[in-house]
Amino acid sequence: MLELREASLAILASTDAQTKVSQLLKLFTEYQEQRVTLDVSLKLDSQNLALPGRPVKPELVLPKLVPKRRMDTLEGRAGLLHSLAHIEFNAMNLALDAIWRFPEMPKEYYEDWLKVAKEEAYHFSLVNEHLHSLGFTYGDFPAHNSLWEMVERTTDSVIARMALVPRTMEARGLDAVPSIRDRFKQIKEVRAVEILEIILNDEIGHVLIGNRWFNFLCSKDKLSPISAYRELAAQYRAPVLKGPFNIEARKQAGFTSEELNLLGA
């Protein structure tokens with residue numbers, strides 16, 4: 001039988017985006033059907049693998065070199081959708097990485113991140129299908145690698161990963177997606193609006209999962225979540241968060257009143 005964490009590592013290393021999506025959806029189904037085992041103690045080695053597996057395109061460039069996306073041209077709108085597809089592709093990879101990399105977590109931790117990986121694969125497929133309808137595909141535009149860079153910085157610590165990837169990098173999506181959705185709403189691109197609504201709703205759940213496991217680890221080690229986050233953000237060079245913030249979505253995603261008040265400060 002397949003083992004969940006070992007299979008997640010193999011899928012993470014896959015370089016073809018569509019193959020990665022189909023393999024992941026198959027793994028999710030087989031795990032639900034109890035045809036995949038889970039060994040939380042398994043020690044895995046990625047030394048001979050290039051992670052994450054990714055296609056030759058898109059070309060990865062510095063964030064400042066990614067072209068501005070204007071809504072008054074087809075190419076500009078496609079470029080904005082492409083940036084979303086790239087975020088979802090990376091988010092799928094980071095969920096797979098959270099599964100294989102960190103041993104000795106509770107069973108529910110791995111099941112949570114498998115659910116996240118499956119939903120990110122679904123989001124990627126939705127956005128890429130819409131790109132196809134506009135005459136483009138994933139890889140047609142350059143992209144940046146900021147999200148995965150934070151994944152790489154936190155390979156040595158599960159508490160740092162939970163603090164700084166879902167609760168910091170992905171939570172920025174809760175703030176950004178509504179304004180992107182409204183830009184498509186203004187030009188009456190209904191399908192893009194529908195997709196962004198799905199993404200926003202699911203991402204609240206993904207950030208909630210990050211909060212759940214960050215708080216679990218803080219409780220386990222008798223740490224203050226506020227102090228622990230501040231120290232981890234400094235140690236791992238997390239970006240400074242800037243508003244405006246989607247306070248209601250962040251509240252639904254499990255941020256406490258004290259954490260939300262600190263955002264205001």
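Is Arg237 buried or exposed? Arg237 is exposed, because its relative accessible area is 57%, over the 50% cut-off. Please keep in mind as you read that this is a predicted model. The tour starts with a pair of helices and moves on to some backbone details and a glutamate.

**Where two helices meet**

- Helix α7 covers residues 190–220 and helix α8 covers residues 225–235; their axes come within 10 Å and cross at roughly 105°.
- On the α7 side, the contact involves Phe214, Asn215 and Cys218.
- Their partners in α8 are Pro225, Ala228, Tyr229 and Leu232.
- Sorted by type, the residues of this α7 and α8 contact are six nonpolar and one polar, with no charged residue.

**Backbone angles to look out for**

- As a bit of background, most residues other than glycine have a negative phi.
- Lys222 is not a glycine, yet it has a positive phi of about 55°.
- You can find Lys222 in the loop between α7 and α8.
- Lys222 counts as exposed because its relative accessibility is 75%.
- Arg237, the residue from the opening question, also has a positive phi, of about 55°, although it is not a glycine.
- The place to look for Arg237 is the loop between α8 and α9.

**Cis peptide bonds**

- The bond from Lys57 to Pro58 is cis, and its omega is near 15°.
- Pro58 sits in the loop that runs between β2 (36–37) and α3 (74–101).
- Gly243 and Pro244 are also joined by a cis peptide bond, with omega about 5°.
- Pro244 belongs to the loop between α8 and α9, the loop where Arg237 lies.

**A glutamate in helix α9**

- Glu248 is part of helix α9, which spans residues 247–252.
- How exposed is Glu248? With a relative accessibility of 46%, Glu248 counts as partly exposed, because that class lies between the 20% and 50% cut-offs.
- Glu248 and Trp100 are 148 residues apart along the chain, and their C-alpha atoms are separated by 32 Å.

Notes: Residues numbered from 1 in each chain as written. Predicted model: local features only at pLDDT ≥ 70, side-chain atom pairs only at ≥ 80, totals over all residues. Heavy atoms only, no water. Axes fitted to C-alpha atoms, helices over the stretch in contact; angles between N-to-C directions. Helix = DSSP H or I, 4+ residues; strand = E, 2+ residues; numbered from the N terminus. Contact = heavy atoms within 4.5 Å. Nonpolar A, V, L, I, M, F, W, Y, C, P; charged D, E, K, R; others polar. Buried < 20%, exposed > 50% of the residue type's maximum accessible area, 1.4 Å probe, protein only.
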